[in-house]
Amino acid sequence: MSRPTMLLASLMMTRGTSALLVGASGKTGVRRAGSITSEAVEDRVYSLADQVARFERAKKEGNSRFLDIKSVYDGAYLKGKRVLLTGSNRGLGLALAKQISAEGAELISLVRSSSADLDALGGQVIAGVDVLSEESVSKAIGSLASPVDIVINNAGLFSADETLSTLNFPEQLKMIDVCALGPLRVSSAAYNQGKVAAGGKVIVISSQAGSAEWRKVQNQGAGGDYGHHMSRAACNIAAVLLSEELKAAGIAVVMLHPGFNKTEMTAKYAEIWEKEGAVPTEEGALRVLHEIGAATMAKTGMFINCEDGLQIPW
């Protein structure tokens, strides 16, 4: 919205009247004082960097998309699809595996080692796959009987809390290898071996930690966790390049921040789970799958926050 339009709306609203506004999308809508219309919400492009403010805004507006994903989720698109998922033996990955299977999809899990919960789902589990190893990834992809409709790169690593005085360079390199090169190894192997179906999707589970712009808010005056943030930024640039290269093939590539989930990886932040709106992995999985369903060529190369469906700036 332009500054003159904002000033006009402000003046009209302070007088208790209505304002006819034209948003960035070209849509018009009447906004009354003290109210947030659906048109106003729909005009938003970017999510908020401040996690607490983001959660509070959702509560204030009664944003069901954010607060109750079940109210909008429809996993019917997964029925009969072949879905390749990495890192599916625990945490968010296991929750995704369970929901994907429940929707009637054919699940293929690539994991270093399986688990009783994953085995119980009855899908195909290819164990002994390390996303750090080009050879093991290539072999696993080569064993697939037919192409998959969706590739979900979920395997990740956050293995070192760092400041300038506690930098861990070996772990930084390992995080970059897992989080950035890992998805590239899996996705390139699947594409190069003809194992991504026509019109398929490549999904990269990234993190808001990969946004350079948001470091000015989320790490303001502190910095830190160098390897974690660098690994996710590298992950994102690889995925954007991948999206450009696969455009001609009609394969959408979308990066997703899954939101704040209550997992073993985030347990170190348990004291802020409730304040910042962390959710159980079962709910986080629905958020991710909702966005995967919405991932089209129109969204290829985008970095989406699964909490609210809005973009995250680079």
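Guide: Here is a tour by question and answer.

Visitor: What should I know about the model before we start?
Guide: It is a predicted model, where local features need pLDDT of at least 70, side-chain atom pairs count only at pLDDT 80 or more, and totals for chains, interfaces and linings use all residues. Residues are numbered from 1 along each chain as its sequence is written, and side-chain values use heavy atoms, with hydrogens and water left out.

Visitor: How many helices and strands in the chain?
Guide: Eleven helices and nine strands. Those are DSSP runs, numbered from the N terminus: helices are H or I with at least four residues, strands are E with at least two.

Visitor: And what share of the residues is buried?
Guide: Buried residues are 46% of the 314 in the chain. Buried means under 20% relative accessible area, exposed over 50%, partly exposed in between (1.4 Å probe, protein chains only).

Visitor: What about contacts between residues at least 6 apart in sequence?
Guide: Of those, 64% join residues at least 24 apart. A contact is heavy atoms within 4.5 Å.

Visitor: What lines the second largest cavity?
Guide: Ala-180, Pro-183, Leu-184, Val-204, Cys-235, Ala-238, Ala-239 and Leu-242. Helix 8 (169–192) and helix 10 (226–245) are the elements giving two or more residues. Helix 10 has the largest share, with four. The lining has eight nonpolar, no polar and no charged residues. Nonpolar covers Ala, Val, Leu, Ile, Met, Phe, Trp, Tyr, Cys and Pro; charged covers Asp, Glu, Lys and Arg; the others, Gly among them, are polar.

Visitor: How much space is in that second largest cavity?
Guide: About 40 Å³. Grid points are joined across faces, edges and corners, and a volume is the space filled by probe spheres set on the points.

Visitor: And the second largest pocket?
Guide: About 360 Å³. It has 20 lining residues, and the closest to its centre are Val-41, Arg-44, Asp-308, Gly-309 and Leu-310. The lining holds seven nonpolar, five polar and eight charged residues.

Visitor: Which helices supply at least two residues of that pocket's lining?
Guide: Helix 2 (38–42), helix 3 (51–61), helix 4 (64–67) and helix 11 (281–294).

Visitor: On to strand 3. Why is it largely enclosed?
Guide: Five of the five residues of strand 3 (residues 82–86) are buried, so the rest of the structure largely encloses it. Arg-82, Leu-84 and Thr-86 lie on one side, Val-83 and Leu-85 on the other.

Visitor: What does strand 3 pair with?
Guide: Strand 4 (residues 106–110), in the parallel sense over five bridges. Pairing requires at least two DSSP bridges between the strands. Leu-84 has Ile-108 as its bridge partner.

Visitor: Ile-203, buried or exposed?
Guide: Buried, at 0% relative accessibility. Ile-203 sits in strand 7 (residues 196–205). Beyond its neighbours within four places in sequence, its contacts include Ile-150, Val-254 and Ile-292.

Visitor: Last one: where is Asp-119?
Guide: In helix 6 (residues 116–119). Asp-119 is partly exposed, at 46% relative accessible area. Leaving aside neighbours within four places, Asp-119 contacts Ser-114 and Val-125.

How values were computed. On a 1 Å grid over the protein atoms alone, a cavity is a set of points where a 1.4 Å probe fits but cannot get out, and a pocket is an open set with protein on both sides within 12 Å along at least five of seven lines; lining residues have an atom within 4 Å of a point.
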